[in-house]
Amino acid sequence: MEQDMQQILFTQDQVAARVQELAAQITRDYAGKTPLVVGVLRGSFIFMADLVRHLDLPLTLDFMAASSYGAGTTSSGLVNIRLDLHDDIAGRDVLLVEDILDTGNTLSKLVAELKGRHPASLKLCVLLDKPERRTRPLEADYVGFTIPDAFVVGCGLDYDQKYRQLPYIGVLKPSVYE
Ligand code: 5GP
Ligand code: MG
Ligand code: MG
């Protein structure tokens with residue numbers, strides 16, 4: 001699959017090291033609490049699995065799914081909650097985990113929805129942040145890496161549902177999707 005990459009932005013080792021740093025920070029920030037870690041499917045599954053294994057805290061897990069992208073590489077602007085949480089989040093310290101914060105369409109919708117359910121707190125943790133593309137006023141509390149405006153895959157991120165399993169973050173050659 002590496003032949004489909006124009007560039008490797010972050011190697012497996014670099015991702016692992018950064019995830020450990022984030023986990024250490026989250027462990028300190030949530031000391032004494034039992035956060036509810038919510039993963040946004042499908043893109044967050046690898047990052048979330050790596051992250052929670054380094055959190056030295058009691059915690060519970062839940063998942064939701066939203067859709068805004070089809071097979072293309074730009075956001076449609078429309079967001080649907082396709083899978084909702086299993087548990088009630090009222091009074092919980094919710095940490096929402098997502099693969100990437102891009103335009104902010106998806107996450108601003110999810111954040112607004114979850115805030116309406118009265119959690120004790122709600123923070124956002126993303127592996128990647130593309131601030132140049134933001135169209136909504138939303139920032140993450142925890143960011144793995146800030147990246148330029150390029151379409152990336154790997155570590156959970158897909159193109160047309162493929163490449164999610166790659167252990168590194170790479171920029172796809174435009175020839176793959178043009
Ligand atoms: P947003 O709503 O912030 O524009 O983006 C929401 C979703 O778009 C992300 O959760 C992710 O699934 C997808 N996305 C945004 N940028 C990229 C990218 O560079 N690569 C991939 N594979 N997905 C992206
Ligand atoms: Mg996503
Ligand atoms: Mg996707």
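**Leu 122 and its surroundings**

Leaving aside residues up to four places away in sequence, Leu 122 touches Val 94, Leu 96, Val 111, Leu 114 and Lys 115. The model is a predicted one, and within it Leu 122 belongs to strand 6. Leu 122 counts as buried because it has 20 C-beta neighbours inside 10 Å, and 20 or more are required for that class. Although Leu 122 and Thr 106 are 16 residues apart along the chain, their C-alpha atoms are separated by 16 Å.

- Six strands make up an open sheet of mixed pairing, and their order is 4-3-2-5-6-7.
- The edges of this sheet are taken by strand 4 (80-83) and strand 7 (142-146), each of which pairs on one side only.
- On average, and with direction ignored, neighbouring strands of this sheet are turned by 30° against each other.
- Strand 5 (residues 93-101) and strand 6 (residues 121-129) run parallel and are joined by eight bridges.
- Within strand 6, Leu 128 is the residue that stands opposite Ile 100.

- Another open sheet has three strands in the order 1-9-8, and its pairing is antiparallel.
- Strand 1 (5-10) and strand 8 are the edge strands here, each with a single partner strand, so one side of each has no neighbour in the sheet.
- Strand 8 and strand 9 run antiparallel, with two bridges joining them.
- Val 152 has Val 171, in strand 9, as its bridge partner.

**Helices**

- Helix 2 (residues 45-52) lies across strand 2 (36-41), strand 3 (60-67), strand 5 and strand 6, and the angle at which it runs to strand 2 is about 160°.
- Helix 3 (residues 105-115) lies across strand 2, strand 3, strand 4, strand 5 and strand 6, running at about 170° to strand 5.
- Helix 1 (residues 12-29) contains Glu 21, which is exposed because 12 other C-beta atoms lie within 10 Å, and 12 or fewer define that class.

**Nonpolar core**

- The largest nonpolar core has 41 residues, and those with the most contacts inside it are Leu 96, Val 97, Cys 125, Val 126 and Cys 155.
- Cys 125, one of these residues, touches Leu 22, Leu 95, Leu 96, Val 97, Ala 140, Asp 141 and Tyr 142 when residues up to four places away in sequence are not counted.

**Shell around ligand 1**

- Of the 20 residues around ligand 1, those that come nearest are Asp 102, Thr 103, Asn 105, Thr 106 and Leu 157.
- Strand 5, helix 3 and strand 8 (152-153) are the elements that give two or more residues to this shell, and strand 5 has the largest share, with four residues.
- Classified by residue type, the shell around ligand 1 holds nine nonpolar, seven polar and four charged residues.

**Backbone geometry**

- Most residues other than glycine have a negative phi, and most peptide bonds are trans.
- Leu 41 and Arg 42 are joined by a cis peptide bond, with omega at about 0°, and Arg 42 is placed in the loop between strand 2 and helix 2.
- His 118, although not a glycine, has a positive phi of about 60°; His 118 lies in the loop between helix 3 and strand 6.
- His 118 is exposed because 12 other C-beta atoms lie within 10 Å.
- Asp 160 also has a positive phi, near 55°, in a residue other than glycine, and Asp 160 is found in the loop between strand 8 and strand 9 (169-172).
- With 13 other C-beta atoms within 10 Å, Asp 160 is classed as partly exposed.

Notes: Residues numbered from 1 in each chain as written. Chains lettered and ligands numbered in written order. Predicted model: local features only at pLDDT ≥ 70, side-chain atom pairs only at ≥ 80, totals over all residues. Pairing = 2+ DSSP bridges. Axes fitted to C-alpha atoms, helices over the stretch in contact; angles between N-to-C directions. Contact = placed C-beta atoms within 7 Å. Near = placed C-beta within 6 Å. Nonpolar A, V, L, I, M, F, W, Y, C, P; charged D, E, K, R; others polar. Core = buried A, V, L, I, M, F, W, Y, C linked by C-beta atoms within 7 Å.
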